[in-house]
Amino acid sequence: ELFHIYTDLIDAEVDETIAHDLVSRLKEHATPEQLKDTQASQSLLAALIEAQLECASPIRPLPGQRKVVALVGPTGVGKTTTIAKLAANFRLRDNIKMGLITVDTYRIAAVEQLRTYAEIIDLPMKVVSTPREMQMALDEMVGLDLVLIDTAGRSPSDDLKIQELESLFRDIAIDEIALVMSMTSSVRTLEAIAERFKVARPTSMILTKLDEAPVMGSLLTLSQKVKLPFQYLTTGQDVPDDIEPANAARISRLVLGEDKLQ
């Protein structure tokens, strides 16, 4: 029974060392009867996995207390679409007074995409390219409850561009910085990205494109290798629907293939 559980974890792309540790702990905690009962052993395994997962609270704006949240990460991971999903949910569902700032001056199309969303849901939006412009934009949004900042995708190998991010944020008060990464990349690549973006001082991870990942075991591996809590998962391109707050029990079930994304 333990061997089958171990091979299932490996097939789901859980790291071998983590899979071995989980099976050892399952052997320690489970009775022979529980191991013979597939449902009982899976429930115990799910609980062991859940205990290893750290999730951050979703963004919670409070009336009259402006919260500033920035999204950073490499190119092509879906930051702009994620910002649009968050903005649409906060504005349309929760009726939050909010604004958008984008420092994506490298990709005109992304700026226009965000501007279109901002116009549709009636949000103020500012485009900035320097720390001074960033401060001015924030000063103009002083009466809002939430400001979301979209940043240009940086290549993890371009230290200069990542340092630019750090200097952009250095003198402004940002409450949360989420590192956005795509689950279409290998865990080794995601580890390297997280290491490079440490200079931007991220406080959480947002994982995108789960719908394009073949298996979900790498979620567990990533949680152990990158010491940042999960905050949101995105599961498709639909704005505003395909996003959910990270939940340890749900991620545990995804790792074990017990939950579907939709």
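This briefing describes the nonpolar cores, helix packing and some loop residues of one protein structure. The structure is a predicted model. Its largest nonpolar core has 63 residues, and a second, separate core has 25 residues. Helix 10 (residues 217-225) packs against helix 11 (residues 248-255), and a cis peptide bond joins V239 and P240.

**Nonpolar cores**

- Within the core of 63 residues, those with the most contacts inside it are L9, M134, F169 and L207.
- Helix 2 (residues 16-29) supplies the largest share of this core, 5 residues.
- F169 touches A70, V72, M134, T151, I174, I177 and R201, leaving aside residues up to four places away in sequence.
- The second core, of 25 residues, is separate and includes V69, V111, I121 and A178.

**A buried strand residue**

- T102 is part of strand 2 (residues 98-103).
- T102 counts as buried because its relative accessibility is 1%, under the 20% limit for that class.
- Residues up to four places away in sequence not counted, T102 touches V111, L114, M125, K126, V127, V128 and D150.

**Helices with a buried side**

- Helix 7 (residues 131-140) has M134, A137 and L138 as buried residues.
- These three cover an arc of only 95° around the axis, so they lie on the same side of helix 7.
- An α-helix has 3.6 residues a turn, so residues three or four places apart point the same way.
- R132 and E140 are exposed residues on the face of helix 7 turned away from its buried side.
- In helix 9 (residues 187-196), the buried residues are V187, L190, I193 and A194.
- Their arc around the axis is only 115°, which puts them on the same side of helix 9.
- Strand 5 (176-182) and helix 10 are what the buried residues of helix 9 pack against.

**Helix 10 against helix 11**

- The axes of helix 10 and helix 11 are 7 Å apart, and the packing angle is about 125°.
- Helix 10 is therefore oblique to helix 11.
- On the helix 10 side, G217, L219 and L220 take part, meeting I251, L254 and V255 in helix 11.
- By class, this contact has 5 nonpolar residues, 1 polar residue and no charged residues.

**Loop residues and backbone features**

- V142 sits in the loop between helix 7 and strand 4 (146-151).
- V142 has a relative accessible area of 62% and is therefore exposed.
- V142 and A118 are 24 residues apart along the chain, and their C-alpha atoms are separated by 18 Å.
- D122 lies in the loop between helix 6 (108-120) and strand 3 (125-127).
- Phi of D122 is positive, near 60°, in a residue other than glycine.
- D122 counts as exposed because its relative accessibility is 58%, over the 50% limit.
- R201, which F169 touches, is in the loop between helix 9 and strand 6 (204-208).
- R201 is a residue other than glycine with a positive phi, near 55°.
- With a relative accessible area of 46%, R201 is partly exposed.
- P240 belongs to the loop between strand 7 (230-234) and strand 8 (243-245).
- The peptide bond joining V239 and P240 is cis, with omega about 5°.

Technical notes: Residues are numbered from 1 along each chain as its sequence is written. This is a predicted model: local features need pLDDT of at least 70, side-chain atom pairs count only at pLDDT 80 or more; totals for chains, interfaces and linings use all residues. Side-chain values use heavy atoms; hydrogens and water are left out. A nonpolar core is a set of buried Ala, Val, Leu, Ile, Met, Phe, Trp, Tyr and Cys residues joined through side-chain atoms within 4.5 Å. Buried means under 20% relative accessible area, exposed over 50%, partly exposed in between (1.4 Å probe, protein chains only). Helices (H or I, at least four residues) and strands (E, at least two) are DSSP runs, numbered from the N terminus. Contact means heavy atoms within 4.5 Å. Axes are lines fitted to C-alpha atoms, for helices over the stretch in contact, and angles run from 0 to 180 degrees between N-to-C directions. Angles under 35 degrees count as roughly parallel, over 145 as roughly antiparallel, 65 to 115 as roughly perpendicular and the rest as oblique. Ala, Val, Leu, Ile, Met, Phe, Trp, Tyr, Cys and Pro count as nonpolar, Asp, Glu, Lys and Arg as charged, and the others, Gly among them, as polar. The arc is that of the directions from the helix axis to the C-beta atoms.
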